[in-house]
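Hello,

Here is the structure I promised to pass on to you. Please open it next to this email and follow along as you read.

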Amino acid sequence: MEPPTSSRMNSRKRRKDGSGPNGATELDGIPQKMSRRSFGLREPAPFSDEVEIDYSKPYIRVTYEEAMRGTPLDRPVRVYADGIFDLFHSGHARALMQAKNLFPNTYLIVGVCSDELTHNFKGFTVMNENERYDAVQHCRYVDEVVRNAPWTLTPEFLAEHRIDFVAHDDIPYSSAGSDDVYKHIKEAGMFAPTQRTEGISTSDIITRIVRDYDVYARRNLQRGYTAKELNVSFINEKKYHLQERVDKVKKRVKDVEEKSKEFVQKVEEKSIDLIQKWEEKSREFIGNFLEMFGPEGALKHMLKEGKGRMLQAISPKQSPSSSPTHDRSPSPSFRWPFSTKTPPSSPVNRSRNESAVTYDISEDEED
């Protein structure tokens with residue numbers, strides 16, 4: 001398998017009109033995939049005293065140009081990075097990742113200083129040396145771990161571990177009476193700089209804990225730690241318990257307020273829906289009422305139609321004018337005694353008498 005080129009370290013650039021996948025252009029450095037040849041892939045990285053080195057072969061360092069071009073698979077570039085690695089965090093992992101990716105074919109050796117050296121030159125650590133060794137062992141970029149690493153690198157140490165380059169950030173590291181403990185490494189051309197991760201460090205993490213000490217003390221008391229284990233006084237313990245109860249009451253009150261707000265909101269939504277439904281129903285009822293009882297409503301037409309039918313049923317039908325009429329003999333009129341006038345007639349007979357001739361029933365008058 002061909003080793004990946006130095007473009008592995010190049011950042012990918014994107015453009016909107018890019019023709020490659022994810023907007024990548026032909027000039028972008030897209031690293032090739034290659035199988036990782038290290039113990040850390042499936043198991044923790046071994047310690048240096050557990051790895052056999054063939055000292056029969058002479059120790060010949062590779063130059064920076066040779067390392068960048070790529071070395072044979074059986075001759076990886078041996079890069080060394082050291083540190084304290086207390087409270088192992090993402091900043092440590094990123095620094096080791098940069099060291100691992102300095103060259104196409106890199107074997108990363110990480111040195112971890114002991115508690116004695118660290119306490120003398122830097123200060124007290126949160127994790128002991130065995131915990132720090134174990135944390136570095138389980139970093140995926142590490143191929144080998146050196147326990148009890150020296151504070152200042154000597155030529156004998158570099159030759160013993162056959163180190164080609166030393167990786168560290170480029171900021172001068174003043175310690176142990178020196179302005180920069182990596183000065184002689186830089187002068188020898190063996191220094192490979194890496195970049196620090198801003199915003200994360202062991203000191204920053206410790207600062208957060210110290211700043212919010214009460215919060216974390218209460219946290220651990222809740223999880224079953226005793227006041228003695230936390231080095232908390234009796235008064236502070238009671239204070240923390242009281243604060244915890246107050247916080248619980250505040251949380252309950254807040255939950256009740258939120259639930260009441262949700263309930264009120266739901267009631268308002270339902271009331272608005274009911275009002276809208278009532279308005280729709282009232283409009284519909286008014287429309288139906290006007291349609292039935294309005295000036296031009298259906299009830300008026302029904303009454304008119306019923307009235308016409310009643311009048312038609314009460315009044316007799318008139319005979320057609322073309323039908324033959326039957327002559328009826330006029331009824332004899334009756335004369336009132338001692339009167340020359342005829343008696344009053346009914347309205348029906350009056351209409352008939354207007355068209356008929358009055359006959360007198362007295363035989364004397366006929367004679």
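This is a predicted model: local features need pLDDT of at least 70, side-chain atom pairs count only at pLDDT 80 or more; totals for chains, interfaces and linings use all residues.

Strands of a sheet pair through backbone hydrogen bonds, and the pairing can be parallel or antiparallel. Here, five strands form an open sheet in the order β3-β2-β1-β4-β5, and the pairing is parallel. At the edges you will find β3 (144-147) and β5 (191-194); each has a single partner strand, so one side of each has no neighbour in the sheet. On average, neighbouring strands are turned by 30 degrees against each other, ignoring direction.

Val110 has Val145 in β3 as its bridge partner.

Now for two helices. Helix α2 (residues 90-100) lies across β1 (77-83), β2, β4 (165-169) and β5, and it runs at about 145 degrees to β2. Helix α4 (residues 129-137) lies across β2 and β3, at about 165 degrees to β2.

Finally, which residues have the most contacts inside the largest nonpolar core? They are Val79, Leu96, Leu108 and Val142, in a core of 24 residues. At least two residues of this core come from each of β1, α2, β2, α4 and β4. There is also a second, separate core of 15 residues, with Leu153, Phe157, Val166 and Phe191 among them. In soluble globular proteins, nonpolar side chains tend to be buried together.

Happy exploring!

Note on methods. Residues are numbered from 1 along each chain as its sequence is written. Side-chain values use heavy atoms; hydrogens and water are left out. Two strands pair if DSSP finds at least two bridges between them. Helices (H or I, at least four residues) and strands (E, at least two) are DSSP runs, numbered from the N terminus. Axes are lines fitted to C-alpha atoms, for helices over the stretch in contact, and angles run from 0 to 180 degrees between N-to-C directions. Contact means heavy atoms within 4.5 Å. A nonpolar core is a set of buried Ala, Val, Leu, Ile, Met, Phe, Trp, Tyr and Cys residues joined through side-chain atoms within 4.5 Å. Buried means under 20% relative accessible area, exposed over 50%, partly exposed in between (1.4 Å probe, protein chains only).
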